[in-house]
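Here is a briefing on a structure that may be new to you. Look through the chains, then read the points below.

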Amino acid sequence: MIQIATVSNDPIHKQPDAAPAGAAKITAQGVNVYYGDKQALKDISIDVPAHQVTALIGPSGCGKSTFLRCINRMNDVIDGCCMEGEIRLDGEDIYARGIDVVHLRARVGMVFQKPNPFPKSIYDNVAYGPKIHGLAASRAEMDEIVLHSLEKAGLIDEVRDRLDAPGTGLSGGQQQRLCIARAIAVEPEVILMDEPCSALDPIATARIEELIDELKQNYTIVMVTHSMQQAARVSQKTAFFHMGELVEQGTTEDIFTRPADDRTKAYITGRIG
Amino acid sequence: MEHEHIVTSFDEELKAIDTTLAEMGGMAEAQLAKAIQALVRRDADLAREVIAEDKRIDQLEAELDHDAIRLIALRQPMAEDLRMVITALKTSANLERIGDYAKNVAKRTITLAEMPTVGSTTHTIERMAVLAQGLVSSVLDAYVRRDVAAADEVRRRDEEVDHLHTSLFRELLTHMMEDPHNITACTHLLFIAKNVERIGDHATNIAEYVHFMVSGEILEDERPKGDKTSQTIVDAPQEKG
Amino acid sequence: MSKAERIKAGLAHRYRAERHFRLYGIGAILLALGFLGVMLTVVIGRGVGVLQQSYIQLTLTVTAEAAETGDWQGLIKTSLREQFPEARKRKDKKQLYGFVSSGAGYALRRQVEQNPDLIGQRRAYWLPVSDDVDMLLKDAIDRSLPESDRRITDQELAWIDTLIESGALELRFNKGFFTSGDSREPELAGILGAAVGSALSLLVCLMLAFPLGVMTAVHLEEFAPKNRWTDLIEVNINNLAAVPSIVFGLLGLAVFLNVFGLPRSAPLVGGMVLALMTLPTIIIASRAALKSVPPSIRQAAMALGASPVQVVLHHILPSAMPGMLTGTIIGMAQALGETAPLLMIGMVAFIVDVPQGILEQATALPVQIFLWADAPERAFGERTAAAILVLLVFLVLMNLTAVILRKRFEQRW
């Protein structure tokens, strides 16, 4: 049995992000994104507060996922995708020359819409990130990271005796929590979530939402969701995207009780806009 | 509402709540009018009618509560829809109270009908009641038209009712001091006046909800108040000779 | 008629159409199986005879002198004369000597070399007979034909019958077919030379084509930008897959032999030519396998901060490997059956020795089949069928390997 060490001053378990809650962790200024001739994002400017959950909502194709993928530069690999403007993480322009994408993605983790565990064992899934980044010096240290991450993702009790079983054999909700464990094993500062619950049943969704609520103490979370109820339940800040524009942003309470823009009103009340 | 919902039955349910509320408002207004009429005419039969009719308002309130809770549970309304449902819930509670006050006026009217009249106080009460009834009617209009300005106006106009109430209070106290035989009737009239004053307050409450429903802002400033009865002292008249 | 009734009325027709369609499918499968059955029956029926070979028992003394001079054939002739003293005429003697294979002397020498104590002893040896006698024993020659239409005269027939009666002529397991190279004499010709030639060529082919093909596919699919040049390359690769194989042979002849001066008829060159031919197949199959890896895996690895090479090596390649292996095995199977390009680079030569390395002269299984099919001797027909069987066994073994490899790769996760 591997003991999980109590959180101490060892580098792995230090608070990954010391920024005070509410201060801007990510700042986007005048972000334009084009896919070939098509403009996907128009002049987006938004602050993402640290240690809060920021929800990006909006109809399909409104650019919310595109914006999310700008934050860890996942759009870089798409042919014909071109980005203008700047996005700053802790004041540092992540699109500046000399910024290493691999390093950026170690700081900004991501969880996808469909649970996508690697076709490997549960252990290897979680250990993969720390392994490629060289975060564990020994097997024992790696064991600790893996167990700790699984614990933080609320999955440890369900998988403790089958860490060697394939990750793809878990249920959908467990797979998604495995993906979250995999993301937090690298101890990122920001976690991006692209509709993390859209493939899950309500119970599994509730567990993920509970997890997100806990995670925001240590991480800054940006989440794209199609479910307004979910955005209302888990986020502190909400931004409404529509046809590539950031129509409205504000505290989640304001957006859902008294939105200012007619397009936001129509969208969240389910009216024909 | 400028746009319709994508789900038409959602619109229909919201509309049903609105309709119930309008009916309740109309009834509350009519009850008040009838109760005052009964008081002025010393008409015990009309008063009994008012008492009987109050049940209908209670029924409507229960109906509206049920519809609103059902809509919240099944539709999860957001933003203006949410505000509208919450406003309807609170407004209906206020209207139900207005109905109760009208009923209370009617009950006291039955008692008063068997006593002698006390000066011109009934007419002052009637003036107050007409004012209060006007507030209720304006605020219901503002609700139906989603009119913030009209709602704010109602909120201001309540002051007049308060002023009338204060002066009526003095008048009744004076009558009581003049002739202790008047005390029973005057006490009843005092309560009736208080009821009418409360109706005005409920109308201003509704005005605040309408303001919230339309603009999304919750009014936090003190509304103008003219009711000074709590500080009123009337000196006993000097004994003649 | 109501809508429900109309739908119901059409149902019978729809189900009938479905049944027919299924029957056509089953029919097609049965037809294909029938053809396969006929082919296998014919080939096995004709080729199975090779498993046995006729041997004659001759009693003789190997003298030290004969062993010294190497006159093994002389010893055999003497023994034959002793057995049939009535053959005195030159023509009769010639017929008599024709009984034994021209390789009988070598067979005798091999036996004596293995056991030198036999020198000086008089004892019986089993030695291979000529193909005509062999065919007669396997009932491939019709005795009822008139003598002039037969390859065996009445005189020979009488002697053979005598030998059979005395038990000095019988069918035994034909080890030689599986252990020796080609020969002008069908009874001595074996398949091993061609099989080893094929195996060596395929090994060279696999060593060249698999890494090259996989690397090409990985680069084109994962790293290369999508522009006009990569489109052009893609079109060319697809076209190459359709180029007749003999063209690759010509290319090999012109480049590998004439320009680079590599040895003619060597499995090295054969393998290189086959690799050229197999490359497009492997590349296309590998690209398809890479494409079928779900993008979610790629994104997951990328989002964790894996570098592009790590994404490919840790996730894409392992996931695509079964598909790539299948493509490779298909390409290899194709290469195994390929004759034309090998003809062009000289692997069609008559080579008796079993090749010991990739630089030695060799031939390949399909070429061997082609050569034997062309030979006039009746006994070669039997060997052609047997060689085809060997080729088929080879193919089945390769496919089996592929299936096993694929299963093991898949089981890892």
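The contact between chains A and C takes 21 residues from chain A and 15 residues from chain C. Two residues are in contact if their C-beta atoms, placed from the backbone, lie within 7 Å. This is a predicted model: local features need pLDDT of at least 70, side-chain atom pairs count only at pLDDT 80 or more, and totals for chains, interfaces and linings use all residues. Residues are numbered from 1 along each chain as its sequence is written, while chains are lettered from A and ligands numbered from 1 in the order in which they are written.

**The side of chain A that touches chain C**
- Helix H2 (101-107), strand S6 (108-111) and helix H3 (122-133) of chain A each give two or more residues.
- Helices (H or I, at least four residues) and strands (E, at least two) are DSSP runs, numbered from the N terminus.
- H3(A) gives the largest share, 4 residues.

**Chain pairs**
- Of the 2 pairs of chains that touch, chains A and C have the most contacts.
- Chain B and chain C share no contact; their closest C-alpha atoms lie 30 Å apart.

**Nonpolar cores**
- A nonpolar core is a set of buried Ala, Val, Leu, Ile, Met, Phe, Trp, Tyr and Cys residues joined through C-beta atoms within 7 Å.
- Buried means that 20 or more other C-beta atoms lie within 10 Å of a residue's own, with C-beta atoms placed from the backbone.
- The largest core has 210 residues, and Ala132(B) and Val139(B) touch the most other members.
- Helix H6 (residues 183-215) of chain B supplies the largest share of this core, 16 residues.
- Apart from this core lies another, of 28 residues, including Tyr55(C) and Phe99(C).

Methods: A residue is buried if 20 or more other C-beta atoms lie within 10 Å of its own, exposed if 12 or fewer, and partly exposed in between; C-beta atoms are placed from the backbone.
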